[in-house]
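Here are my comments on the structure you passed on. They are meant for someone who has not looked at it before.

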2 protein chains.
Amino acid sequence: MERIAVDAMGGDHAPHEIIAGAIRGARRAQVALLLVGPPEIIETELAKHAANGLDVTIVPAEEVIAMTEQPLAAVRHKKRASIVVATELVRDGIADAVVTMGHTGAATISALFILGTIEGIERPAACLHQYFGIGPRTCLIDGGANTEVRPEQLLQFGVMGSVFAERVLGIPRPTVGLLSNGEEDNKGNQVNRAAFPLFKASRLNFIGNIEGRDIPMGRANVVVSDGFVGNVVIKLTEGLTEWWLHAVETELSKALPESTMRKAVRPALARLRRRNDYAEYGAGLLLGVNGLCVIGHGRSKAKAVVNAIRLAKSLAQADVVGTIRDGWLAIANS
Amino acid sequence: MERIAVDAMGGDHAPHEIIAGAIRGARRAQVALLLVGPPEIIETELAKHAANGLDVTIVPAEEVIAMTEQPLAAVRHKKRASIVVATELVRDGIADAVVTMGHTGAATISALFILGTIEGIERPAACLHQYFGIGPRTCLIDGGANTEVRPEQLLQFGVMGSVFAERVLGIPRPTVGLLSNGEEDNKGNQVNRAAFPLFKASRLNFIGNIEGRDIPMGRANVVVSDGFVGNVVIKLTEGLTEWWLHAVETELSKALPESTMRKAVRPALARLRRRNDYAEYGAGLLLGVNGLCVIGHGRSKAKAVVNAIRLAKSLAQADVVGTIRDGWLAIANS
């Protein structure tokens, strides 16, 4: 049985929603749970749930890293922060994966310091797939771990994304696109333009620069960007999901009777909302480190935690870390 | 009567759609037209349209700048490029505005070299408003003119956007947000983090960092970003518009009879498409230069040119250039 460490204190709705989701997720996915945080807070929350029959361990961690903290300083100084302790459980082989809905930067830095990167990879990157209904055949890397990158790091993200798409998503020769401000070869900011020839010279199935519109169109299986742009992409997609659901309902309400809206339209929109809901799909995977780290949306509620735990279990079973390590070496040495 | 110079050779559908749109636009907006490009090509296209009663002048320009060219080199070497000659007409007071659907970078560099920037402003920036149905009370600056910026330039974009929102859109004390990867003060890449205190210390109605989701939510009247990120925002919005229109139709088709789809749903979706169509609203305004320059989407067809001409006329009537100059001085000297 996989053992999943959950950062009980990470996220806007921690600890209540996190622990509620962790209990439900552990029951559904049949995993053992390590809840990391201040024991008295976790015990109080646990008492609200029926955890009978579950393998739940409380792992004490007295400190919390807030969303407003600088991640580097926070991880360095708060040795007893929940995300730090949870990541150490993975390093020590006590947990198979860590799941957090907390500070993405803090989770990234913790993974970087505690787990270390796979040889040849400089920075971990957040890989998001099946995100917001965009489809099962596209992943975005980096979804927010690195606000500043070097051209070589973008190439490393592309390689990791390609290995992930091929070996985990099962896409042969996945197409890789560099997210830019135009599809012409000479488009891009300085870093992108310097990365372009590196991609071109690589063994990746590189299709060149792609534009924002190509992401939902599924033109590339792997969309490569820095984490700043990746974050804007994800958050804008979220906002436009809300915009469209509202606009479609408003517009159709003018044209259709209330009974049709109730019986057919609103249920159809609810299905579209579910396909695009970050509360369901809002978890990414940190690639490039020696351990499994699943990072969810800060606004996640219990349902997202349930799905993140299911994702963590399946990634552990697929030995994603070993797969990325082998795949990276195969491409780097070829 | 306003005189509008149209770059007849700019855009994916030039010259056919551009000239068709220019003729229709001139008739509707009641402006005089200066069509800039190779005379024989323009004359051939003009012959397809009824231009009787219109004030149309052909201004010869033998060269064209392609989308694949590096803008700086292209503008320097092609003295007779259509966008260069069209911009010179504005400088010389022969035209009140230039309209182009061509290379954004080439139009920006032409404006920078030929018109020059307003004193105190280092770089022109593309200001987009009422774009993709996001609402009449939000503008995005920079929508794609500058892929690389300095913190001071972001502040200048913010000031220009604020003056535009206040004096052209009529929004008192417009809210200004810095597009970032989180709403906390310490979020951002290096340039954003360095710009943050400049915004904080300015006289702008600065509401801090905003996220991608805040754009369609209308949290800020002025969204400030570099042109690389701004371009990704615009193109992703386009792609998601297509995604949503398709997804809603597919989902509702399963739940509603074909007659309802035909009579009510598809017309409603068509209305939403129009509100979000870059072919209708795909034009931005270059702010910060001593002249009016309206830049449309490269994929623009005739309808977008019609709207761009209408926009150019209203901006000329509102004396946007003088307004930005005065507004900038008022804020800079206060």
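The points below take up confidence, symmetry, the interface and some backbone features.

1. Confidence. This is a predicted model. The scores are ipTM 0.90 and pTM 0.90. For chain A the average pLDDT is 92, and 96% of the residues score at least 70.

2. Symmetry. How can chain A be laid on chain B? A turn of 180° with a shift of 0.0 Å along the axis does it, and the RMSD is 0.0 Å. The two copies are therefore related as by a two-fold rotation axis. Both copies use the same surface, since 100% of the contact residues of chain A recur in chain B.

3. Extent of the interface. Contact involves 60 residues of chain A and 60 residues of chain B. Between the two chains an area of about 5,400 Å² is buried, and carbon and sulfur atoms give 66% of that area. On the side of chain A, the residues that lose the most area to chain B are Arg213(A), Phe228(A) and Trp244(A); together they make up 14% of what that side buries.

4. Elements at the interface. Which elements of chain A give two or more residues to the side that touches chain B? They are helix H7 (190-201), helix H8 (214-217), helix H9 (227-255) and helix H10 (258-275). H9(A) supplies the largest share, 21 residues. By type, the residues on this side of chain A are 25 nonpolar, 20 polar and 15 charged.

5. Cis peptide bonds. Most peptide bonds are trans. The bond from Ala14(A) to Pro15(A), however, is cis, with omega near -5°. Pro15(A) sits in the loop between strand S1 (3-7) and helix H1 (16-29) of chain A. Ile141(A) and Asp142(A) are also joined by a cis peptide bond, with omega about 15°. Asp142(A) belongs to the loop between strand S6 (139-141) and helix H6 (151-167) of chain A.

6. A positive phi. Most residues other than glycine have a negative phi. Arg173(A) has a positive value, near 45°. This arginine, Arg173(A), lies in the loop between H6 and strand S7 (175-179) of chain A.

Methods
Residues are numbered from 1 along each chain as its sequence is written. Chains are lettered from A and ligands numbered from 1 in the order in which they are written. This is a predicted model: local features need pLDDT of at least 70, side-chain atom pairs count only at pLDDT 80 or more; totals for chains, interfaces and linings use all residues. Side-chain values use heavy atoms; hydrogens and water are left out. Copies are superposed by least squares on the C-alpha atoms of residues with pLDDT of at least 70 in both. Contact means heavy atoms within 4.5 Å. Buried area is the accessible area (1.4 Å probe) that two parts lose on being put together, summed over both. Helices (H or I, at least four residues) and strands (E, at least two) are DSSP runs, numbered from the N terminus. Ala, Val, Leu, Ile, Met, Phe, Trp, Tyr, Cys and Pro count as nonpolar, Asp, Glu, Lys and Arg as charged, and the others, Gly among them, as polar. pLDDT is the predictor's confidence in each residue, from 0 to 100.
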